[in-house]
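Please consult the sequence and the model while reading.

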Amino acid sequence: MRWGVVVFPGSNDDRDNLRVAERILGDEAVALWHKDRDLRACDAVVLPGGFSYGDYLRCGAIARLSPIMDAVAEHARGGGVVIGICNGFQILCEAGLLPGALLANRSLKFVCEITNVRVETTDTAFTYGCRAGELLSVPIKHGEGCYVADETTLAEIEDQGLVVFRYADRSGRVTPEANPNGSLNNIAGVCNAGRNVVGMMPHPEHAAERLLGGDDGLKLFRSVQAWVGRDSRSPRREPTVVPGP
Amino acid sequence: MTRPAVTVDTAVGQGLTPEEYESIVKRLGRTPTFEEVAVFGVMWSEHCSYKSSRHWLRQLPTTGPNVLQGPGENAGAVDIGDGLAAVFKIESHNHPSFVEPFQGAATGVGGILRDVFTMGARPVAIMDSLRFGSLEHPRTPYLTRGVVAGIGHYGNCIGVPNVGGDAAFDAAYDANILVNAFTLGIAPADRLFRAKAAGPGNPVIYVGSRTGRDGIHGASLLASASLDALAEEKRPAVQVGDPFTEKLLLEACLELMRTEHVVAIQDMGAAGLTSSSVEMAGRGEVGVVIDLDKVPLREDGMVPYEILLSESQERMLLVAKEGSEDAVRAIFERWDLQAVVIGRLTDDGVWRARWHGEDVCAIPATILTDAAPVYRRPAEEPARLDELQALDLRSIREPADYTQTLQTLLTSPNLCSREWIYRQYDQFVGGSTVVRPGGDAAVIRIEGTRRGLAMAVDCNSRYTRLDPYVGAVIAVVEAARNCVAVGARPLALTDCLNFGNPERPDVMWEFQQAIAGIRDACLALGTPVVSGNVSFYNETEGRNIPPTPTIAMVGLLDDVELYLTPWWKAEGDAIVLLGRTREEIGGSEYLAVVHGQTRGTPPWIDLEAEKRLQRLVLAAVQERLLRSAHDVAEGGLAVALAECSFGGTRHGARVALEGGMRTDALLFGESQSRMLVSVRRKSLSQLRDLARREDVPCTVLGEVRGHSVVIDGLVDLPIESTRERWRRALERRVGG
């Protein structure tokens, strides 16, 4: 398959995502320049982490206005896979492609550490190859990763099983101590109703090689391969959703 | 334009001495203009000219078979095989960080990053070496929080991982903290860019941020003079960082450097446009003419003096090939940056600055660089040193409860975990980090190769205060030993020499001693100094910091998969001490924390024994004998045993120690040239053979076992709860 990784001014993890797609998965991967309007026939688009436009306004607020974002939105509307990681997640929320918003961490400090995230649903482009309830060890590194939504939206997200990942402790329990940033319901990642757009704060591209500390994140990239490659004529899999927090 | 009349007082106001002014008048054969005096003021400042240190720095070994670039450029470079170079340097940003901790520290990181990518290298790792005052001092928590946040802000935003460093707290830094930042980048070995201008007629191009009124005299006033009680009033002299612009500048410069358009390039750091253009011209022995009215400005009404001296961040000056102007401009515009031709190289050797066609400065470039004064300031051993070095062991009462003492040490400011600091730094970006902060040294893999690089930073200022020569030797060998502990062969180092006021003979003596120590250790280990920085005038109201020659060592792993960490790996492995423990507690953390004293002499160091230990460990790594390795350093053997038990696996240790010496020295003494390793039982005899060959004592202390650290008859420490207190101690003290 063919991956596209958008490069905004201030993107930092673009090279890491390209490396995973190309060198580890052996797929085709191209960098998509923010000023372009063409996704160059990519099957999946990744909005990488970083500080687009310095994040001097709200995180992602300017990047969502980039020319490339029209094409990304259209791709998403057509059912194409769009993955937002960290700053990419923030941009997708700003662009209205995902529900909710990301605020400054409760600690008001940037936090970099390895977290455990629990896979809440396997019926999304990014978790298609995971087991429901599976624990993945994936690092976070952000200053503004506290996921929030208004009450109605939050209820909808939970009811429709749009929560994709939650921060959990080593034994998979969703506890306040396991929540690194104050996110509501320990939410680490969500998807859209079509389940083809997924955003998450943790960085699977930084958990893709054993030499660098672990490769749990690879399961998510492989999920996209499986999702893109699935036979559209076969009956849709029944969603597997872990009940609430 | 009205020009102020220039007198000797003008010169003194710009930081020059009357003698220096006299020499300027004589060399120019006329009275300088006001702008020229200002330019001499910054170029001949301690920070830019190294006038008090230059003579002594010549003693340092700077060459070697791997050295591609030694001191004198933006950064040093060593060959790391596979056609690649490691480009690195450490630099101080002490006074700005004391005056405004967040921006001061942030711009320190920004500056050192520019030094590295100016050489054509993509920065892949940052480290920071920090010295703060006592945690009892009311200002220390504020400064610590601000500095750490500032370092994190810049590195996180520009997307270079912070992989290691060190931090220490000591009342001696209450009024003058140290913020030293290190960056390492990777470049093709045959495409290193240098700051040597060539080719009269070639355009001089200004790229990056516009010039503002910020940071005027940052180098000459802040970094070349002592601080005083009014330090906070100097805030306007601290620059403000914009890591986003620097990220664009980084990507645009690296893109440009893949083309053939660049002749020379230099970061506009201290003394901004002045020093970058003067140094490029001076190194290339050419002249240059700069049209100050073409410099992109942030605000109206700026005058030549301000444009010449501004230290606005995120700016670069480059010399391109004639005719390449449009190509250069196109690359920068793609990144939404401007590139403006502001001058040309000339063949008359004169550094000329014009304002609307009229010369405001016209100085032969070599007068500004090569003719800068070199001082051999008087040096004298401080009188109080003998008294400090005296330590009567009989007066030191041994603790009754060693478990309690070990717990006290593990939660003390200098021995507790640094996690609160590095948790605020992105350690993952770039996808190269193999060993993250918390180990003996950081390890990164070199993309596209099997190799890895290790890096560690070190300086124990209790040792340097008690004996600057021995302290400096230990700083070098310990940084090297830290690289060896992760399995890397030390290659070369960069130093950041933080000292007090050089006009004081005792400070100058300390400086000379430290240089001699670094020299001797480098010669013994075969690790040259390839770059560095001198920071004098770390003095506030007559109080000087202890000598702090910070050493950052870089090592190479031929096979990165062989890297080691300090943490126990499996129950039943043998725990082995390599090296000899002597009865010495002088200058130890134990003596300071438990007995409230910093005195005695630092640990004995035998460079031959050190070399043998390092050779032994590297040989054992090659033979794949070791499961873990940890340098025994501050806090001694007991603290090292605890640290090895604090890894993710939570394995404990059960050991017995015999020494025929005081128990406190056995447990907490900081004897040098020791390594604590764990090995499979079946590898023991092979390790013993290697140790015998290198004549290094090899003692089996016990084994990896259980969930406690047990030292027979002395210590029984549960890991889980102790680790939690060790981990949280700094956060509790610094707050928030």
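Which residues in α22(B) meet which residues in α25(B)? R612(B), R615(B), L616(B), A619(B) and A620(B) in α22(B) meet L687(B), L690(B), A691(B) and E694(B) in α25(B), where contact requires C-beta atoms, placed from the backbone, within 7 Å. By class, this contact has six nonpolar, no polar and three charged residues; Ala, Val, Leu, Ile, Met, Phe, Trp, Tyr, Cys and Pro count as nonpolar, Asp, Glu, Lys and Arg as charged, and the others, Gly among them, as polar.

## Basis of the model

The model is predicted: local features need pLDDT of at least 70 and side-chain atom pairs pLDDT 80 or more, while totals for chains, interfaces and linings use all residues. Residues are numbered from 1 along each chain as its sequence is written, with chains lettered from A and ligands numbered from 1 in the order in which they are written.

## Packing of two helices

In chain B, α22 (residues 607-622) and α25 (residues 684-694) pack at about 150°, and their axes are 9 Å apart. Helices are DSSP runs (H or I, at least four residues), and strands are E runs of at least two. The two helices are therefore roughly antiparallel, a term for angles over 145 degrees.

## A buried helix

In α7(B), 17 of the 17 residues are buried, so this helix is largely enclosed by the rest of the structure. A buried residue has 20 or more other C-beta atoms within 10 Å of its own.

## Contact between the chains

In total, 22 residues of chain A are in contact with 22 residues of chain B. On the chain A side, the largest share, three residues, comes from β6(A).

Methods:
Axes fitted to C-alpha atoms, helices over the stretch in contact; angles between N-to-C directions. Parallel < 35°, antiparallel > 145°, perpendicular 65-115°, else oblique. Contact = placed C-beta atoms within 7 Å. Buried ≥ 20, exposed ≤ 12 C-beta atoms within 10 Å, placed from the backbone.
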